[in-house]
Amino acid sequence: MEKLRCLIIGSGPAGYTAAIYAGRANLSPVLYEGMMPGGQLTMTTDIENFPGYPNGISGFDLMEDLKNQALKFGADIRRGVATAADLSAAPYKITIDGETVIETETLIIATGATAKYLGLPDEHRFAGAGVSACATCDGFFYRKKDVAVVGGGDTACEDALYLSSICKTVYLIVRKPYLRASKIMQKRVREKENINILFGHETKSLFGENALQGAVLTKHRGTPTEEEVRINIDGFFLAIGHKPNSAIFKNYLETDETGYIKTLHGTPRTKIAGVFVAGDVGDPTYRQAITAAGSGCKAALEAERYLIERNL
Ligand code: NDP
């Protein structure tokens, strides 16, 4: 069985940054890329808020740069998905692709979170051409245009408020007759003149030629009557929640009700010594590329300290 000092799972900004730091610290890190090499950022277009790129950078290029930087410092980057974990005792055992078991002294979980989509075929058709699950990443491209946000939680309200300062009109499509968001967010959204809340509406389809031009909604007026509504929009933002990719660790690590892994006192440490969490899988609040990268750095520093303290 292969035995490692540092295993990193996940290839978003958190995983690659952890690999850069762990590589420079001579931990000989091995990183498994997971389902989506490069992570969520490879789904976005340009990234304009990652420090160091005054002219912006494409999500794909940023992740390639991070990967190459990790390779430069000796990280062993491999294709493969972690499918099972045994964290009952150190060294920890991780199964890759359901067959290969690897032992590791330290584990950095950087498996990210996956934005939820409605499941409409049109969402794929207009991906990168009007459909986005990240308002802070892509909102700027819809300056002075009409957009819609789907969802009734805090994320949807936050996204709607953010977009309302950039866009002409923001439709907030809420399936229930009320918002789930906190009262203060509800108040802010209701007070914004260019946010139009469509309560009791669900998205049926999206339309457009090469890029998104609008959405067809169904308006519930109490069953069985249903009315169809068309809105003209250039951007359609999903804000119906994220699913953290934490399932294989749930028997060992504490998670919140959504599945975000709980860490100790704002550090990447978990209740299992030598197991650290970086990036969105442990962050229900910020979920930004730069915060993920920062936590990847912290996790690698923690792993290094753990190994030094134990002479491993
Ligand atoms: P939530 O789970 O709170 O809300 C998801 C929203 O999406 C709900 O309104 C839900 O509707 C709606 N939804 C889910 N599935 C569908 C669907 N298929 N079709 C239409 N609508 C759908 O997720 P959030 O991401 O908003 O928030 C997650 C957590 O993070 C929360 O605890 C939140 O408070 C927190 N958060 C805090 C922030 C802050 O404090 N600044 C900012 C952002 C998030 P329904 O209500 O009908 O179920």
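**A salt bridge and its surroundings**

Modeller: The structure holds twelve salt bridges. Keep in mind that this is a predicted model. Side chains of opposite charge can pair when their charged atoms come close.

Now step back to the domains. The protein chain splits into domain 1 (2–114 + 242–309) and domain 2 (117–238). Their C-alpha centres are 32 Å apart. Seven residues from domain 1 and seven residues from domain 2 make the contact. The size of an interface is often given as the accessible area lost when the parts come together. Here, domain 1 and domain 2 bury about 670 Å² between them, with 47% of it on carbon and sulfur atoms. How many salt bridges are counted between domain 1 and domain 2? The count is zero.

Last, look at a pair of helices. The axes of H1 (residues 13–24) and H7 (residues 289–309) come within 7 Å and cross at roughly 35°. The crossing of H1 and H7 is right-handed. Helix H1 contributes residues including Pro13, Ala14 and Tyr21, while those from H7 include Gly296, Cys297 and Leu301. The residues of this contact of H1 with H7 are eleven nonpolar, three polar and no charged.

Key
Residues are numbered from 1 along each chain as its sequence is written. This is a predicted model: local features need pLDDT of at least 70, side-chain atom pairs count only at pLDDT 80 or more; totals for chains, interfaces and linings use all residues. Side-chain values use heavy atoms; hydrogens and water are left out. Axes are lines fitted to C-alpha atoms, for helices over the stretch in contact, and angles run from 0 to 180 degrees between N-to-C directions. Helices (H or I, at least four residues) and strands (E, at least two) are DSSP runs, numbered from the N terminus. A crossing is left-handed if the near helix is turned anticlockwise from the far one by less than a right angle, and right-handed if clockwise. Contact means heavy atoms within 4.5 Å. Ala, Val, Leu, Ile, Met, Phe, Trp, Tyr, Cys and Pro count as nonpolar, Asp, Glu, Lys and Arg as charged, and the others, Gly among them, as polar. Domain bounds come from an automatic or database domain assignment. Buried area is the accessible area (1.4 Å probe) that two parts lose on being put together, summed over both. A salt bridge is a side-chain nitrogen of Lys or Arg within 4 Å of a carboxyl oxygen of Asp or Glu.
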